[in-house]
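Please look over the structure shown here with attention to its ligand and to the protein around that ligand. The briefing is meant to be read alongside the sequence and the model.

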Amino acid sequence: MTNISLIQGDITTADVDAVVNAANPAMLGGGGVDGAIHRVAGRALLEACKQVKPVNGVRCPVGEARITPAGQLKARYVIHTVGPRYRIDDHPEDLLRNAYRNSLQLALENYCKSIAFPAISCGVYGYPMDEAAEIAFGECSKEKYQSLAISFYLFSQSDLDVWRAVCESLLTL
Ligand code: ADP
């Protein structure tokens, strides 16, 4: 997993081609990392999100991903994905894996060389950090994404410690 790095910090500072946003289905901003990304990216990001056509009233269903320009962020793109709500949505592990897969796929389709992820679903949506990390590494370490430099931005030192421990345990399997 040499193309994967773990960083403690604020994802809005990431100098990458694509920053992934843990969005909600309406894609019009919210709390947590979504709010932070929209604050830094500014009005241009909100306007870009409004251009995304809703289907059956939602711009981005759970597990899917959408790409927009990134406004004032250093990144070129924001990839908006919606993670599952733990203990509410059925089969959250499949939905979380889909969120990673669809985000990575969009990055490749748009010729990105680098991508930064937050801990999707691990805030308000309640996904346990260790379970989420295992799913994230499982998807991101696939051969087809080897050309992408993938960084995970963990917001706190304790979150970083959990992700690091999961990463090390997978490497020793
Ligand atoms: P979700 O609704 O998918 O759970 P949240 O935004 O509530 O999304 O939380 C996802 C994760 O992002 C949490 O671990 C939270 O601590 C983290 N987070 C919040 N702000 C930032 C930020 N600026 N940079 C990186 N991670 C952040």
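What follows is a short briefing on the ligand, its surroundings and the pocket.

The model is a predicted one. In this model the ligand sits in the largest pocket, and that pocket has a volume of about 580 Å³.

- On the side-chain side, a polar atom of Asp-10 lies 2.9 Å from a nitrogen atom of the ligand.
- The backbone takes part as well, with a polar backbone atom of Ser-121 placed 2.9 Å from an oxygen atom of the ligand, and a polar backbone atom of Val-124 also 2.9 Å from an oxygen atom of the ligand.
- Taken alone, the ligand exposes 570 Å², and the protein buries 89% of that area.

**The shell around the ligand**

- There are 15 residues around the ligand, of which Asp-10, Val-33, Ser-121, Gly-123 and Val-124 come nearest.
- By class, this shell is made up of 10 nonpolar residues, four polar residues and one charged residue.

**The lining of the largest pocket**

- The lining of the largest pocket counts 26 residues, and those lying nearest the pocket centre are Ala-22, Gly-32, Val-33, Asp-34 and Gly-123.
- Sorted by class, the lining holds 15 nonpolar, eight polar and three charged residues.

How values were computed: Residues are numbered from 1 along each chain as its sequence is written. This is a predicted model: local features need pLDDT of at least 70, side-chain atom pairs count only at pLDDT 80 or more; totals for chains, interfaces and linings use all residues. Side-chain values use heavy atoms; hydrogens and water are left out. A residue is near a molecule or strand if one of its heavy atoms lies within 4 Å of it. A polar contact is a pair of N or O atoms within 3.5 Å; within protein, one must be able to donate a hydrogen and the other to accept it, and residues adjacent in sequence count only if both atoms are side-chain atoms. Accessible areas come from the Shrake-Rupley method with a 1.4 Å probe; for residues, only the protein chains shown count as cover. On a 1 Å grid over the protein atoms alone, a cavity is a set of points where a 1.4 Å probe fits but cannot get out, and a pocket is an open set with protein on both sides within 12 Å along at least five of seven lines; lining residues have an atom within 4 Å of a point. A molecule sits in a cavity or pocket if more than half of its atoms lie within 2 Å of its grid points. Ala, Val, Leu, Ile, Met, Phe, Trp, Tyr, Cys and Pro count as nonpolar, Asp, Glu, Lys and Arg as charged, and the others, Gly among them, as polar. Grid points are joined across faces, edges and corners, and a volume is the space filled by probe spheres set on the points.
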